[in-house]
Amino acid sequence: MNTHDSSLGDGTGGGRPTAEEIQRFLAEHVSGMAGLPVGQVDVSAPIASFGIDSVHAIELVVTMEEWLGIPLPDNLPWSHPTIEMIAKELGTGEPPSEMSA
């Protein structure tokens with residue numbers, strides 16, 4: 001199904017990944033999209049600063065939805081513009097606060 005490490009969320013409460021796991025998942029995906037080594041992805045920098053456009057941002061949201069098994073707002077990368085902010089929001093175990101359609 002997916003070639004990415006789906007075991008990241010294993011072992012956490014309810015199977016939901018932690019903020020650290022989400023941050024690592026996002027950094028790996030952004031590095032792949034940007035063509036950079038994962039070590040060069042600053043999680044506190046805006047995702048757009050890596051050349052991630054709206055098409056890539058939607059792709060990232062869809063990938064996260066599949067991995068987490070929950071619906072996410074399409075505007076997540078814009079309402080939470082850094083990997084760190086997205087990870088903190090999703091790592092709470094609660095649905096994202098920006099769920100407006």
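This is a predicted model: local features need pLDDT of at least 70, side-chain atom pairs count only at pLDDT 80 or more; totals for chains, interfaces and linings use all residues.
Me: Which residue follows H1, and what is its phi like?
Reply: Gly35 comes after H1, and its phi is positive, near 70°. Helices here are DSSP runs of H or I with at least four residues, numbered from the N terminus.

Me: OK, how many residues does H1 have, and how far does it reach?
Reply: H1 has 16 residues and reaches 22 Å from its first C-alpha to its last, close to the 22 Å expected at 1.5 Å a residue. That expected span is 1.5 Å times one less than the number of residues.

Me: Why does Glu21 count as buried?
Reply: Because its relative accessibility is 14%. Buried means under 20% relative accessible area, using a 1.4 Å probe and protein chains only.

Me: And what does the side chain of Glu21 reach?
Reply: The Glu21 side chain reaches the backbone nitrogen of Thr18 at 2.8 Å.

Me: Which other residues of H1 are buried, and what covers them?
Reply: Besides Glu21, the buried ones are Ile22, Phe25, Leu26, Ala27, His29, Val30 and Ser31. The cover includes helix H2 (54–68) and helix H4 (83–90).

Me: Take Val30. What is it in contact with, leaving aside neighbours within four places in sequence?
Reply: Val30 is in contact (heavy atoms within 4.5 Å) with Val41, Ile47, Phe50, Ile52, Leu60 and Ile83.

Me: Switching topic: how many residues has the largest nonpolar core?
Reply: The largest nonpolar core has 23 residues, and Ile22, Val30, Met64, Ile83 and Leu90 have the most contacts inside it. H1, H2 and H4 each supply at least two residues of this core, with the largest share, 6 residues, coming from H2. A nonpolar core here is a set of buried Ala, Val, Leu, Ile, Met, Phe, Trp, Tyr and Cys residues joined through side-chain atoms within 4.5 Å.

Me: Last one: how far apart are Glu21 and Ala87, in sequence and in space?
Reply: Glu21 and Ala87 are 66 residues apart in sequence and 8.1 Å apart in space, C-alpha to C-alpha.

Conventions. Residues are numbered from 1 along each chain as its sequence is written. Side-chain values use heavy atoms; hydrogens and water are left out. Buried means under 20% relative accessible area, exposed over 50%, partly exposed in between (1.4 Å probe, protein chains only). A polar contact is a pair of N or O atoms within 3.5 Å; within protein, one must be able to donate a hydrogen and the other to accept it, and residues adjacent in sequence count only if both atoms are side-chain atoms.
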